[in-house]
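Here is a friendly briefing to read alongside the model. Keep the structure open as you go, and follow the topics in turn.

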Amino acid sequence: MVILRCFPTRCGWSVHVSWDRVLHDIRAELFLTAPLKTLGNQRNIPVHTIPPDKRSFKLWQPPPPFFYAPTVSTIDPSNSSAVGRSPPPEHLLVTASFGRILPTSLLELFLPARRLNIHPSLLPAYRGAAPIQHTLLDGRMRLGCRSQPIPDGSMFPALRDTLAREGGELLVSVLRDMLSGKAYPSPQRTDLSAPRAPMIKTEDAILDFATTSAESIVARHRAISHQKPLVAYLKTKKTLQLHSPAVCTSPPPEALATLPSPGLAIYHATSASLLIRCASDSILAVPQVKQQDRALLKAKEWWNGVRSEMRSSHGETGPVQFLIGSPSN
């Protein structure tokens, strides 16, 4: 959006994009080209691909006119070893969801006031790699490059797209102010108590029904299921992915009686869902599941194939037992 809005007035633009991605699927290998790369090619703007691995990126140098030897270090002015000329004020560095720490050698090619980063959080809160995810995980009501309410039930993909548009509009506004001399940078506020947003890890998707309420599990699904489906461990130590979970606000009386402790589950025909007892006396309803090495199934189809060793007590009836946390080796 930013390129399209600014394209008519561009002068000597050059686009540097992160690497293309390869997604591995059970049936095929999908090659995804960066959208910015496609747009640059369509608009005849020079496109340069940044190396994908951290080591190569640390040593990578942008092509001229962006690469040169600066006169004085813009990071450390006392560094007199740098020789050359000062960064041109018309050179601009813009990053968004880049996923890499920029080396000092790259930052020094641009004046401090010409380094812009679009970050989808209300800084200093949620500084890090996954701000949208952690905003949802923490149940916050507002987020954004500019403060805006989070609609009920919002999933990460929808919020990501909304914030991309908001961030783009904000960037266009800032660029126009820079051209007109009305942009005045100010240091970010420091708050050591502000929540952080570290990268989402595999263990973040592993559920512990004894310590996590159904409401928290649904929030976790909204935040990270697009990249890591939520999983729980069956009594057999096989994983079970939980798809489209929801809080069961009016659980049937028999569910509470049949599920006396967290980690127990039964199939409920009326809701066509697997009902799982969670922390805080809450019940989670799951309409679809995917057992390890199996296909995605409706809850009833999976329940019909439940074996006796999966149940809390061996037999043909009774609730399924989930392990509390990850299984010990």
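In this predicted model, four strands line up in the order E11-E12-E17-E18 as an open sheet with antiparallel pairing.

**Inside the open sheet**

- E11 and strand E12 (residues 239-243) run antiparallel and are joined by 3 bridges.
- Within this pairing, the residue opposite Ala232 is Leu240 in E12.

- Strand E13 (residues 246-247) runs antiparallel to E16, with 2 bridges joining them; Val247 has Leu284 as its bridge partner in E16.
- Strand E15 (residues 273-277) is also antiparallel to E16, joined by 4 bridges, and here Arg277 stands opposite Ile283.
- E15 and E16 make a hairpin with 5 residues between them, and Ser280 in the turn has a positive phi of about 60°.

**Nonpolar cores**

- The largest nonpolar core holds 45 residues, and those with the most contacts inside it are Phe209, Leu242, Leu274, Ile276, Leu284, Trp302 and Phe322.
- Two or more residues of this core come from each of helix H5 (131-137), helix H6 (156-179), helix H7 (214-224), E12, strand E14 (264-268), E15, E16 and helix H9 (299-304).
- H7 is the element that gives the most to this core, with 5 residues.
- There is also a second, separate core of 10 residues, which includes Phe57, Trp60, Leu93 and Leu107.
- As a general rule, nonpolar side chains tend to be buried together in soluble globular proteins.
- What does Phe322 touch beyond residues up to four places away in sequence? The list is Phe209, Ala232, Tyr233, Leu234, Leu240, Gly263, Ala265, Leu274 and Ile276.

**A buried loop residue**

- Leu109 sits in the loop between helix H4 (104-107) and strand E6 (115-118).
- Is Leu109 buried or exposed? Its relative accessibility is 2%, and therefore Leu109 counts as buried.
- Leu109 and Ser86 are 23 residues apart along the chain, with their C-alpha atoms separated by 8.3 Å.

**The chain as a whole**

- The chain contains 9 helices and 19 strands.
- Of its 329 residues, 37% are buried.
- Among contacts with a separation of 6 or more, 57% link residues 24 or more positions apart.
- The accessible surface of the chain is about 19100 Å², and carbon and sulfur atoms account for 55% of it.

**Confidence**

- The chain has a mean pLDDT of 84, with 84% of its residues reaching 70 or more.
- In residues 19-31 the pLDDT is below 50, and this stretch has 22 contacts in the model beyond near neighbours in sequence.

How values were computed. Residues numbered from 1 in each chain as written. Predicted model: local features only at pLDDT ≥ 70, side-chain atom pairs only at ≥ 80, totals over all residues. Heavy atoms only, no water. Pairing = 2+ DSSP bridges. pLDDT = per-residue confidence, 0-100. Contact = heavy atoms within 4.5 Å. Core = buried A, V, L, I, M, F, W, Y, C linked by side-chain atoms within 4.5 Å. Buried < 20%, exposed > 50% of the residue type's maximum accessible area, 1.4 Å probe, protein only. Areas by Shrake-Rupley, 256 points an atom, 1.4 Å probe, with all protein chains shown as cover.
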